[in-house]
Every structure is written in C-alpha cells, then in structure tokens.
Amino acid sequence: MKIFIGAENAISPLGNTAEKNFRSLVDGVSGIRLFNGVGFNKEDVYLSKTDFVVENKFQTLIKNCLDHVQSKIDKQIFLSEKTILIFSTTKGDIDKHLVDAIGISANAIQKEYKLYHHPLTVSNACTSGVQAVNLAADLINANLYDNAIIVGCDVISNFVLYGFQSLFAISDEPCAPFDAKRKGLTLGEACAALVISKNKPVFHDHPVEYVSGSSANDANHISGPSKTGEGLFRSVKKTLASGKIDVREIDFISAHGTATIYNDEMESIAFDRLTMDQIPLNSFKGYLGHTLGAAGVLETVMCMQTLKNNLLIKNLGFDTAGTSKEVNVVKENKNSEVNVILKTASGFGGANASLLIRRI
Amino acid sequence: MSFITSYCSISVDSCFVNGKLFLSDKNNAEKDLLKSLFKNLQIDYPKFYKMDALCKAAFVGTELMRKQLTSINYYRDDDIALIFSNKNSSADTDIKFHNSYTSEALPSPALFVYTLPNILMGEIAIRNQWYGENLFFIAPDFNADFFENYIRIMLEKNSKACLCGWVDVLENNVDAFLFFVEQSDSSKLNLPLTSKILANLYKEKNN
Amino acid sequence: MESLKEDLKKQIINQLNLEDVKPSDINDDAPLFGDGLGLDSIDALELIVLLEKYHGIKITDPEKGKHIFVSINSMADYIVNSKK
C-alpha cells in the first residue's frame, strides 16, 4: 500500500501557510526575536513567537491551520468515519489550564470539525510530531482508517520557559544548531498540520509519499541524550530497514538540532555511526525555534516543501563545526534534486523517532 | 494471536497482580502505597525516590509484573515496545512545578523534568535497558480497542512483546493498569489479547 | 560554620528528596557526586536553586557548580566567602 502525505500547512511567526513559511526560510528570515522582560527573573529572552493577540490563541492557531488544510482536500474527509485526527502537543494551553489542557483542546477540535472519532493525542515530548505522523501511517497500513489528519501545536508559556530556564537550557542568543558556539535552545510556537491517506485523489495538489518510520528509547537518562546516540541510531536503522531505503538514497536530513551542547553532539555521533555524515543536513530551528509538540509536524511540513522545491535550506545560525563528529551542515541554500528525506527527532524521556518521505 | 501474560492494577489503597490481591493499604495516602510496594520489591534502586508519583506507579507495576514473567529475560533489548496512556498527562507534577515558581518563588528543575507523561517510559527503559518502540498518548479513558489494534501493529512491525499501561495519577487519585503481551502464553493465564478481555481486566480492580 | 554545615545537610536532604538519609550520614568532606550520595546533573541544578532559596546566592553559570558542590565543606566555604 502506498501512503500519501500532503495538504500540509504551517502557522508560525514566518507566515500562515506552508508556502509562506518556506519562502521566509529561502529568504533567510528568522522568526526569532528578543522579547523584553519575559524571563523568570524578568530578563530578555529570544523566542520565536507569533503576533497573535486573541482570547484563545492556542485553539485559534489550530482552527486557522486546520481550516486551511480542509480547503486542500476532498470535502468529505474531515467528516468521514474512515478518518482519524491525530493531535500532537507536549503541554496544550498549559498557562491557561493547569489540568486537562490537552483534553480540553482535543474536545474542542472534535466539536469544531464534527469529527466522527475522538482525536488521538500523542504526547511524547519533542518526538510527538514525528510519532503522530508514524502512528497515522501505521493505522492506515493496518486498514483501520483510510485517512488521517495530523495537527501539532505548542505555544510559548511561562510554564515551559521557566522550566527550561531552571535547566539553564535557554540560549541568550538566537539558537545556533550544530555550531561551535551554540549555547542552548530558543523556544518557538507554531501550529502545523498535514494529511496522510491511502487514496491519492483525496488531495487537490500533488502529495508526496510517506515511506516508513519508527521510534526507539535511549535507555540512558530522562533528560539528557545518550552519549552514543543509541536510541536515534536504532530508530533510523529500523526506519531505513522497514522502508527498504539504503543510506545512499537519502538526499537530505532534517535533524532535531535544538542547539543544546548535548543534543547536537549526540546527533552528530548517531549520524556518524549511521555513515550519514556526508548527507546534507540542517536544523530548521534556527528559523523557527524549538516548537516542542509542533516541531515534528512543522519540520516535516518544511521537508515536504523542500522536496517540492528541490531546494535545500541553509542551517541558520551555523558558522563553525561544533560537534566531535562532523556532519554535512547545509551552509548556503542549494538547488538540488531531492527525492528522499529523513526527518529525525529526540526528546526528554529518552525518546527518539524518525521518518522517511519520498517524492512520487 | 497474542496473550496477556501478566497484569497489575494499582489504586490509591490496593495493588493486584494477575488478579490476586498483592497489597492493601486502606489507611494511607497514595504516595505511601507506592513506597510500600517499592520496599516490598526489595530492589536496590535509589533513583526510585527521585521519581514523581506517575513514574513510581508505572515503575512498581512493571517490576511486579517482571517477577511473574520468566520469559521476559529472553527478549532482546529492543524487542519490547512500551505503549502507555492516561487522561491527565503529568498534571500531578505540573501542579507541583507550577507551585514551585509561584508560591515557592523558584522553578524546580527536578520537578520540571517530570512534567511530561512519557518520562515514565524513560524510567522503565533505563531500569531495564530497553531500546524498543515507545508511544505515549492522551485519551479520555482507557481505550482497550486502541491498545488491541496498536499492539497488533507493533508485533507485526519489529516488536516481539509489548509492555502497556493506563497510568493516571492526579493528587489523591491513582488509577494504574499495566499489562504485558506476548506472542505465546508463557504464563498459562489463558488470556488472549482482545479488547473485551482487556476492558474486563481493567474493570476487575474496581470490584 | 558548623551550624551552617548542619543546615546545609538538612536543606540538601529536603531539596533533593533523599530518602532514608540523615544529616549524620553525610560527612563534611565526602564527595556529593559520583559515589556516596550519588547525585546527578539534575541534582546539581537543584543545588543551584538551594543556594538561591536558602542563602540568597544566584549562580548564573551552572559550570561553576562543579567546584562549589564538591562537598559540604566546599559549599559552606563558598557561601561564607560570597557573603564577604
């Protein structure tokens, strides 16, 4: 069975559509800027935050994103019994609802779109987005559904910002993935969505193909990645094997690249072990920040745009190699025939996940 | 056909393993029961005390099932998929973390690292050195249909067994139901994996 | 100095949720990390919180923690010197 992935959309400080976001990346525009006095000690903090000022930003982002996706596919899909919506988020609207933020949001989505089934919510730290896409494909491959709508959303919150500050994980400059001077992550907010289906006619435009995906745990530490990149290594290996893709077929890697010392180092080691050190690689987080539960979906959407445009986007913030194993960081935008893309993600709890998409 | 070869239910005042009462603690609050269960296990693992209540519940449930399962040691280190779910995510710890930077004036890193529900799978993976598939999902209640379907998918993909659970902890409420699924009935419990049997086992503890 | 060290031990036990550990179990010069109490990287960050919460000292670079948190003695020395 071929699994199609398309009708993608993204809302971030860089735009309200996937195409607008990608255009900003092409133009080297970053969504990251300095916000005064928002830190726990009232310090200024770099964030990638939308300008939205509405009563219910979290839910509005999701609605705006999904409304646009709805216009890109067959009208019946949202209402169909053969469709499942999979929601990806780490905390939901946590500053607003300390308890049941996620349930409240999932209920609101079901009500808004009159979905047949209650949404499934993946909440697996920063691999949630990639895992939501993988889950969708698994369910469709098992003939449980024909279609899946995946939406990922997380917003900037005091809860998360103060938490990462207590870990000294927030960079006092815009994040610089894989760079020697990287100092930590920059938080971002976004909502991104896409559709997966076994039926190509569902899509108004040309979809691409979802090939395979998997997850694997590091079994090392609950908040620090494995020093040998074991979980990421195993996940990518499984993803390649089940997709019957050879390393040499991969044209581009969208890495997790949070710009913490440990994450980027771990990824470089894993990619080196996988003999992927020469494959062009970037992290989109230099433009969009780390959007947590939205990241896996948002960055997969940017990968889909990369495929459609045959254009590799440079790794914003990178100047000098800063990992013990070198990786082939894209330093300038490059027109290149792109057929197969590997997307990876890692997260707290030893989470690691990966997926492959391919041009049809 | 696959089989449920062990299961464990933990509530605020009692713990059942494979349907039999293991420990009853009618007078104490939830944290003490989890501690009592841990002490009962007699394992040397001081990391337990750093865990939050959600992780402690999942941890002791897993350890109690492990003691019943002779087959578990024969799996390779990435054969076992971890599939967990709850309604309240990490809200029990979220409240405490929120408190640490509001009432108590300084955000606590030790609490923050537990403000994600999938951490419980991390703790299980670390303890057992398991590198397999992991998924945590939020649902309004225990979804036996989903578990049956997704376990089947995992077993058809790369996994050889699944350690699963609905583990929900919020303030004074503990609602934990863990179960282990294998492709042959090593336990002789004679519990084929079906959504109906799972739903019944989950409800059993409320009797 | 002695009462500071005694207080520190109680604060550490409290802040880090050290089960079944009494102040008398912690030697003044014993390493806090590695063996002994077996503290890890997250505990080190909690000790930074402890310094601010109980002693009003703000650490902005967690790397400094490596030298300050070696033992009760080194912590006490740091606190006393910071107040000068």
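Setting aside neighbours within four places in sequence, Ile10(B) is in contact with Cys15(B), Leu33(B), Leu34(B), Leu37(B), Ala57(B), Val60(B), Gly61(B), Val174(B), Asp175(B) and Ala176(B). This comes from a predicted model. Ile10(B) also turns up in the largest nonpolar core, a set of 100 residues. Along with Phe164(A), Leu187(A), Phe84(B) and Leu120(B), Ile10(B) is among the residues that touch the most other members of that core. Helix 2 of chain B (residues 53–68) supplies the largest share of the core, with 9 residues. Apart from this core lies another one, made up of 78 residues and including Ala18(A), Tyr287(A), Ala345(A) and Leu155(B).

Next comes the interface of chain B and chain C. Each of the two chains puts 12 residues into the contact, and the area buried between them is about 950 Å², with carbon and sulfur atoms giving 59% of it. There are 4 residue pairs in polar contact across this interface, both partners being at pLDDT 80 or more. On the side of chain B that touches chain C, the elements giving two or more residues are helix 1 (30–41) and helix 4 (109–112) of chain B. Helix 4 of chain B provides the largest share of that side, 3 residues. Sorted by class, the chain B side has 7 nonpolar, 1 polar and 4 charged residues.

Charged pairs show up here too, with 4 salt bridges counted between chain B and chain C. One salt bridge pairs Asp43(C) with Lys50(B), where the closest N and O atoms are 2.8 Å apart. Glu104(B) and Lys53(C) form a salt bridge as well, at 3.9 Å from N to O. Glu104(B) sits in the loop between helix 3 (91–101) and helix 4 of chain B, while Lys53(C) belongs to helix 2 (residues 41–55) of chain C, so this pair joins two chains. Glu104(B) is partly exposed at 42% relative accessible area, and Lys53(C) is partly exposed at 36%.

Over all chains, the search finds 36 salt bridges. In chain A, the side chains of Arg23(A) and Asp27(A) meet at 3.9 Å, N to O; Arg23(A) is partly exposed at 47%, whereas Asp27(A) counts as exposed at 51%. In chain B, Arg76(B) and Asp79(B) form a salt bridge at 3.7 Å, with Arg76(B) exposed at 55% and Asp79(B) buried at 6%. Finally, a network of salt bridges links Glu230(A), Arg234(A), Arg273(A), Asp77(B) and Asp78(B).

Terms used
Residues are numbered from 1 along each chain as its sequence is written. Chains are lettered from A and ligands numbered from 1 in the order in which they are written. This is a predicted model: local features need pLDDT of at least 70, side-chain atom pairs count only at pLDDT 80 or more; totals for chains, interfaces and linings use all residues. Side-chain values use heavy atoms; hydrogens and water are left out. Contact means heavy atoms within 4.5 Å. Buried area is the accessible area (1.4 Å probe) that two parts lose on being put together, summed over both. A polar contact is a pair of N or O atoms within 3.5 Å; within protein, one must be able to donate a hydrogen and the other to accept it, and residues adjacent in sequence count only if both atoms are side-chain atoms. Helices (H or I, at least four residues) and strands (E, at least two) are DSSP runs, numbered from the N terminus. Ala, Val, Leu, Ile, Met, Phe, Trp, Tyr, Cys and Pro count as nonpolar, Asp, Glu, Lys and Arg as charged, and the others, Gly among them, as polar. A nonpolar core is a set of buried Ala, Val, Leu, Ile, Met, Phe, Trp, Tyr and Cys residues joined through side-chain atoms within 4.5 Å. Buried means under 20% relative accessible area, exposed over 50%, partly exposed in between (1.4 Å probe, protein chains only).
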